[in-house]
Amino acid sequence: MKIFTIKKHTMCVLLVGVILICSIVGVCYAVKATTSPKALYTIVIDAGHGGHDGGAVGRTTEVTESYLNLQFALKLKSICEEYGFNVVLTRKDMNGLYSAFATNKKRSEMEKRMEIIEDANPDLVVSIHMNSFSNTSARGAQVFYAETHPEYEEFAQKVQDALNAKIDNAKKTAKSSDFYVINTTPIPSILVECGFLSNPEEEALLVSEEYQKDFCYVLFYGILSYFSAR
Ligand SMILES: [Zn+2]
């Protein structure tokens, strides 16, 4: 079964593209560094759910969304750091971000995410989630932007385009949504639903370390295309 369309030569082409854009970004920031102490872009990578809130669950493997969100976030962090970006994670492990004493844990968790984002004062926020739907045939990675910030549609679509080019069955169009994190922060933000845990074939991909790594490289390429167009 062909589970992933990135062949070695296309991956090489992709990486050459990444290196070229990185060079542009590096030159831009070498120039910026002479006038600003902030020499690099900062990205907050937000792994959704955690603690008692596992999110969606894989039908076959029973893997939790919170676990996969963290795996994708850690891989994307490594790639971003490899190319000189400063990365702040909202969640670094499987623990929830809420206070143990909070009566409303969801609210406490969301406030903590916002506090981390505000402290980091990043250039970009990327929230990572896995999708699920009652119809098991639903599939495809999709990028969302805040309905309160339609100005970020272009950024979301750039990342969606990167996914469309390299990831099987990715949805074609980025969509607006009312997800709390991306709607609450004024910072350019996207939420990426990496695939459907309710679809057995997509679940098999999402739990694969290799696929996670490839997916995060494509995601990173989309993020770079956003920075290079600014
Ligand atoms: Zn989720």
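Okay, a definition to start: buried means under 20% relative accessible area, exposed means over 50%, and partly exposed is in between, with a 1.4 Å probe and protein chains only. This is a predicted model, so local features need pLDDT of at least 70 and side-chain atom pairs count only at pLDDT 80 or more, while totals for chains, interfaces and linings use all residues. Residues are numbered from 1 along each chain as its sequence is written, and side-chain values use heavy atoms, with hydrogens and water left out.

Let's look at helix α2, residues 65-82. Helices here are DSSP runs of H or I, at least four residues, strands are runs of E, at least two, and numbering goes from the N terminus. Among the buried residues of α2 are Leu-68, Phe-72, Lys-75 and Ile-79. Their cover includes strand β1 (42-47) and helix α7 (209-229), where contact means heavy atoms within 4.5 Å.

Now, Lys-75: it counts as buried because its relative accessibility is 15%. What does Lys-75 form a salt bridge with? Glu-209, with the closest N and O atoms 3.1 Å apart. That pair links distant parts of the chain, α2 to α7, 134 residues apart. A salt bridge here is a side-chain nitrogen of Lys or Arg within 4 Å of a carboxyl oxygen of Asp or Glu. Glu-209 sits at 47%, so it's partly exposed.

By this rule we get 10 salt bridges. Over in helix α3, Arg-107 and Glu-111 are four residues apart, about one turn, and their side chains meet at 3.2 Å, N to O. Arg-107 is exposed at 55%, and Glu-111 is partly exposed at 43%.

Key: The expected span of a helix is 1.5 Å times one less than its number of residues.
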